[in-house]
Amino acid sequence: MKLLHHAHLVTMDEKSGGYGLIEQGAAVIGDDRIIWVGAEADLPAEYTGATREDLGGRLVTPGLIDCHTHIVFGGDRAREFEMRLEGASYEEIARAGGGILSSVRATREADEEALLASALPRVDTLLAEGVTTLEIKSGYGLDVDGELKMLRVARRIGQMRKVTVRTTWLAAHALPPEYKDDRQGYIRDVVIAGMERGHAEGLIDAVDGFCEGIAFSREEMAGIFDHAVRLGLPVKLHAEQLSDLGGAAMAAQHGALSADHLEYLGQDGIKAMAASGTVAVLLPGAFYTLRETQYPPMQGLRDAGVPIALATDCNPGTSLLTSLLLTMNMGATLFRMTPAECLAGVTRHAAQALGLEDRGRLAAGMRADLAVWDIRHPAELTYRIGFNPLHARIVGGELV
């Protein structure tokens, strides 16, 4: 049993309406769980004999959670970045065989070792900023073997690093060239068949898809989600990024953990998400990279009580972002989120977006994933740009 003391604790207690800050706080950790949290002056006598660790007045938050990444991929798309700056749109690049499909070619050519070697530096950068839980999607194989290869690499990352990795099946990301005239064949042969195989192999924690004019329709995604639900797999959806196809409402009707992007989300989608408890995951990195002008309906989401999370969306084409701290700053500066909303978005609400009820807050019974910072006020995590004040991570009760 370990006593962390002389610290300022950011509990992210939902009832507080903000940070849930405890000045001069302490936390008792046993194995991988938090046993007690509170003011140091209120420490129960039964814990006074625990091994003490003086945190020197530092700030302690829940470990950060990046709940939407595509961090395993082959190749790069730097030339497409140039093309966008020269005037080409995301849709024009995709229809010309670029976009996701260029990453598919490179990912198919790479073996597991190459994908792992390229992904680990990106992962390590996130961990160095206090990330303790990370979601990783497939979506650049677009055939069964390629998609499963990506998820095996994701599982290996979780074994090689002190981080919880949640894997997401995203075969419904784009249509590969070999199925350009057989959409239903692709859904049957790759999306559904691969989902069944990956589920049987224990590689899939959730199922995702890209519901957009350049990807899959609402009706196609509904059929895929029906199958996922029959397998007992939770669902989530890339929705309303470029247009409002009603994907978020459909996902909510399937009890989706989250709907992500949401720049074009309408009132019907907001109502459906509020009713189902579906988390809105906002991705300011993609918004910034694509130089979008359509903002997510922030006030509508707030008014409806929809939980709002933030994530890097780390991917090779539209958000090659490996800083969750910068993501928080973008959430504030681009989307006008408050610093407290931003921190909730990468802790408590990000945990909800992954269906993880045992993290994202500092409270008795929660997993002992913590980040210790060389700052005095939690707003500094959102306020700073390009500066990392992390002192240490505590993952499953172990100091890293």
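## A tour from pocket to salt bridges

The largest pocket has a volume of about 440 Å³. Keep in mind as you explore that this is a predicted model.

**Stop 1: the pocket.** Select Phe81, Arg84, Thr289, Gly317 and Thr318: of the 25 residues lining the largest pocket, these lie nearest its centre. Next, colour helix H1 (78-85), helix H2 (90-95), helix H10 (284-289) and helix H12 (324-335), the elements that each give two or more residues to the lining. Which helix gives the most to this lining? That is H1, with 4 residues. If you colour the lining by residue type, you will find 13 nonpolar, 6 polar and 6 charged residues.

Stop 2: Now show the side chains of glutamate 80 and arginine 77. They form a salt bridge, with their closest N and O atoms 3.1 Å apart. Are these two partners buried or exposed? Glutamate 80 is buried, because its relative accessible area is 8% and the cut-off for buried is under 20%. Arginine 77 is buried too, at 5% relative accessibility.

Stop 3: Move on to lysine 137 and glutamate 135, another salt bridge, where the closest N and O atoms are 2.7 Å apart. Lysine 137 has 0% relative accessibility and counts as buried; glutamate 135 also has 0% and counts as buried.

**Stop 4: a bridge between helices.** Select glutamate 341 and arginine 302, whose side chains meet in a salt bridge of 2.7 Å, N to O. Glutamate 341 sits in helix H13 (residues 339-345) and arginine 302 in helix H11 (residues 298-304), so this pair ties together parts that are 39 residues apart in sequence. Glutamate 341 is partly exposed, at 21% relative accessible area, and arginine 302 is partly exposed as well, at 27%.

**Stop 5: a network.** Show Asp32, Arg33, Asp358, Arg359, Arg367 and Asp369 together: salt bridges that share partners join them into one network. How many salt bridges does the structure hold? There are 27.

**Stop 6: a hairpin.** Finish with strand E2 (residues 21-30) and strand E3 (residues 33-39), which run antiparallel and are joined by 6 bridges. Pick glycine 25, and you will see alanine 39 of E3 standing opposite. Then look at the turn: 2 residues lie between the strands, and aspartate 31 takes a positive phi near 55° there.

Technical notes: Residues are numbered from 1 along each chain as its sequence is written. This is a predicted model: local features need pLDDT of at least 70, side-chain atom pairs count only at pLDDT 80 or more; totals for chains, interfaces and linings use all residues. Side-chain values use heavy atoms; hydrogens and water are left out. A salt bridge is a side-chain nitrogen of Lys or Arg within 4 Å of a carboxyl oxygen of Asp or Glu. Buried means under 20% relative accessible area, exposed over 50%, partly exposed in between (1.4 Å probe, protein chains only). Two strands pair if DSSP finds at least two bridges between them. On a 1 Å grid over the protein atoms alone, a cavity is a set of points where a 1.4 Å probe fits but cannot get out, and a pocket is an open set with protein on both sides within 12 Å along at least five of seven lines; lining residues have an atom within 4 Å of a point. Grid points are joined across faces, edges and corners, and a volume is the space filled by probe spheres set on the points. Ala, Val, Leu, Ile, Met, Phe, Trp, Tyr, Cys and Pro count as nonpolar, Asp, Glu, Lys and Arg as charged, and the others, Gly among them, as polar.
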